[in-house]
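Dear colleague,

I am passing on the structure below, and after it you will find some notes on what turned up in it. Please read them with the model open beside you.

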Amino acid sequence: MSISEFLSMYAGPFFGFLGAALAAGLACVGSAKGTGLAGEAGAGLLSEDPSQFSKCMILQVIPGTQGLYGLVIGFLALMKMGLFDGTVAQLSVANGLLILAACLPMALGGLLSGIAQGRVAAASVNIVAKNPNDWSKGMVLCIIVEFYAILSLLISFLMIMFGF
Amino acid sequence: MAIVKMKRLRLMGMRSDRESLLQLLQKLGCVEVDEPAIDLSDPQWAAVAKPDGGGLAAAREQSNLLDQALNVLAKHASFKGGLLRPRPRLSRRELFDQDSYRQGLDIAQAIVDGERGLASLTAEQGKLQTQKAALAPWLPLDVPLELSGDENIAVIFGTIPARADYSAMEAAVTQASELTNLTYAGADRDLQYFLLICHKDVEQACCEAMREFGFSRANVRGWTGTAADNDRMLDNQLAVVADKIAQTKEHIASYAPHRDALRRCLDRAAQDIAREEAKSRLVDSECAFYLEGWVPDPDEKALGEALSGFTCAWDTRAPEREEYPTVPVKLKSNVLTEPLTTITTMYSLPAYDGVDPNGLMMPFYVFFFGFMFADLGYGLILAAVTALIQWRIRPKGGFGQLVRLMIMCGISSAVIGLLTGGFFSDFLVQFTGMLDLPTPVVPFLSAPEGSGVPTPLLNVMEDPMSVLVFSLVVGLVQIVVGMAVKFWMLCRDGKVLDAVLDVGSWWVIFVGIALMALKVGNVGGYPVVLLVGCVMLLGQARGAKGIGGKVAAVVGAVYNGVTGYFGDILSYSRLMVMMLAGSVIGQVFNILAAMPGSGLHPALGIPIFFIIFLLGHSFNIGLNVIGTYVHTSRLQYLEFFKQFYQEGGRPWRPLEINTKYVDIEEEK
């Protein structure tokens, strides 16, 4: 088998899978780092004041959404590639590359916004510590970062669904 | 829907009436008492003084006692009753009833005393346990601890470190003298314990020998009888203390039925504090007092009627323009606009001469929320949950406003969700698809081709572009409304020229752009309206000095206008983004739920479907409610308020009855 035959047989699905893997994987890494940061800060506060558990937990969960968005995009990419109806082997190299490109915004946006949001959430734990009644303001600050993860989700979604 | 006009109140009354007058004002709840502008250090005012703060200190002390008692009670007693327990209602007279207040304070004192007793019992318990631990190594020794030597015999209770070699020491002691008896008692983590009995003459030599092994004398003074006897005695004492602790805890817990009464008293104490704080802002002479404050214009008549029963003199006047920054702001709202107060106060109240934004914001807020959250199922759930909270616990303050706002937003989401074809995203299609049933025919929600039922008015999944354009148009409408308010405010202040040039020019430009796009109204190939608008922009130069200044002013206005207005309008694209994100995530959960079930028997597939469906959609609802709330508020704050809002008002805080745990019934 020549190299070009090999590529035409396997490269399409490979690039598609690579895209789905990056979208889900990197976004999950972002969420893991984000929730980790917020969780550390939250645990610090809870050692002093365990009654703030629910507020700390909500703050910790907020950076967890990027992983979900990544999963959604990865899932849609697999669906578009035909993994679930068994036509994935026929994916052309060009379409595989399109899927890869379409997944990139979610991969990068999810990774970096998850970390950034985790830092805001960790800082917002300070609000819970000092002014528990104003903690919703910390949540609002976190959601501002969320918007950029949603935009990444949106553009990846549009490219996957309407790309080819 | 407006900012209530305030009047400055000055009131002089008799000191003998002071308490009853303050109680009356608290009942009316229409006067904010503040400090009169009197310099008390001025010798002219030597005859007047502040009332003494004894009452305030006493009220705070009572409030602390009640609060402490409630905390203790919460620690020792368990309470049934969920989050949705309604607050009890009682009359004003019951709240201020002196006898039940006394009783409540006595109960609180008893609870706090109980907690104090518990603390000393716990300390006692700790002391006994320490003693028991100190005796533990001596337990195997069957010798009374008070044993002491006589002129011939020396008795030494001793220790050596745990790592020292006891048998080597034993050998060394025996070597020092035959007239010795060494008994090993026990060991703990740090030390080994033993008893040495020897002849007085060889005591020195034995001690010398043992010192090499790190010997030191142990302190067993104060004990009589063997260690085991003492241990048994301590056990008995510990049992008694433990029994007392249990009894005290039970005693404290037995006050649990009084929790509501204590809370009522705490509410009552809070009213006393509020009244005493108001009192501390008065000034007294020997037999009169003087009060200054703010009263809303509409309440002035009721105040006058209430004051007619007292020997007092009072007047009111409208504030001067220079005083506006200090005038408190009260918003006059109706049922529909009141919930928006939480959104307004989170930003900042309007200035006294500003505009109440609640009414202007209400239709946009509810529509935007509904548009982003758009889903029939989600909307109904949100409306039902918040309506239940409102009905059961009648929440007050900012949270109550938020709950009532969410009822409206939930209904709006349900309606818009129906029109845009969302019911738990595409639940109907996925669910029937899993069961291999034909796609159901439901107007808007599921309209297969050729079925003849109306299709969704906007379908964000299939035609995001139209939704985007629609979002931007809605945004333009809100911005134009905001500009119209600015226009009106400038005209109200007599600045008609500013209104026409600063706001009107942009309107002309917007219309001009629209006409140019539609290719209407061109004269000689030029878009006349647009050009007129651009010429009007030159009016921005009117305030600047010199040619350079005028050019800079115009360029600055054009730059700010273009980036500002167009950036603002583009920001409304988030309406489409949030709508789409919610639908996409919901759809993915539906697909995930249907996937395992499609090959299985429906009896197995349907439960699996609903487990995943429930988890996924609860998550999506939670996430979307928060996200939508934040983004809807943001559009008001940054895009809408920017056009006209003057913030910085100080909230009006009247002396009133403000309870946390009970509701006050209006007296007939």
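**A buried valine**

B:Val329 is buried, with a relative accessible area of 4%, where buried means under 20% relative accessible area, exposed over 50% and partly exposed in between, for a 1.4 Å probe and protein chains only. Before going further, please keep in mind that this is a predicted model, in which local features need pLDDT of at least 70 and side-chain atom pairs count only at pLDDT 80 or more, while totals for chains, interfaces and linings use all residues. Residues are numbered from 1 along each chain as its sequence is written, chains are lettered from A and ligands numbered from 1 in the order in which they are written, and side-chain values use heavy atoms, with hydrogens and water left out.

B:Val329 belongs to strand β12 (residues 328-329) of chain B; helices (H or I, at least four residues) and strands (E, at least two) are DSSP runs, numbered from the N terminus. Leaving aside residues up to four places away in sequence, B:Val329 touches several others, among them B:Ile3, B:Tyr352 and B:Trp652, contact meaning heavy atoms within 4.5 Å. The C-alpha atoms of B:Val329 and B:Val4 are separated by 7.1 Å, although these residues are 325 residues apart along the chain.

**A four-stranded sheet**

In chain B, 4 strands form an open sheet in the order β6-β7-β5-β8, with antiparallel pairing; two strands pair if DSSP finds at least two bridges between them. β6 (180-187) and β8 of chain B stand at the edges with a single partner strand each, so one side of each is left without a neighbour in the sheet.

How many bridges join β5(B) and β7(B)? Strand β5 (residues 153-161) and strand β7 (residues 191-199) of chain B pair over 9 bridges, and B:Ile153 has B:His199 as its bridge partner in β7(B). On pairing with strand β8 (residues 216-217) of chain B, β5(B) forms 2 bridges, and B:Thr159 stands opposite B:Ser216 there. β6(B) and β7(B) pair over 7 bridges, with B:Cys198 in β7(B) as the partner of B:Thr180.

Helix α5 (residues 166-176) of chain B lies across β5, β6 and β7 of chain B and runs at about 165° to β6(B); axes are lines fitted to C-alpha atoms, for helices over the stretch in contact, and angles run from 0 to 180 degrees between N-to-C directions. Helix α6 (residues 203-211) of chain B also packs on the sheet, touching β5, β6, β7 and β8 of chain B. In β5(B), 7 of the 9 residues are buried, so this strand is largely enclosed by the rest of the structure.

**The largest cavity**

A cavity is a set of points, on a 1 Å grid over the protein atoms alone, where a 1.4 Å probe fits but cannot get out, and its lining residues have an atom within 4 Å of a point. There are 3 cavities of 30 Å³ or more, and the largest cavity has a volume of about 80 Å³, a volume being the space filled by probe spheres set on the points, which are joined across faces, edges and corners. Its lining includes A:Tyr69, A:Glu146, B:Met578 and B:Asn624, and α19(B) gives the largest share, 4 residues.

Best wishes

Terms used:
On a 1 Å grid over the protein atoms alone, a cavity is a set of points where a 1.4 Å probe fits but cannot get out, and a pocket is an open set with protein on both sides within 12 Å along at least five of seven lines; lining residues have an atom within 4 Å of a point.
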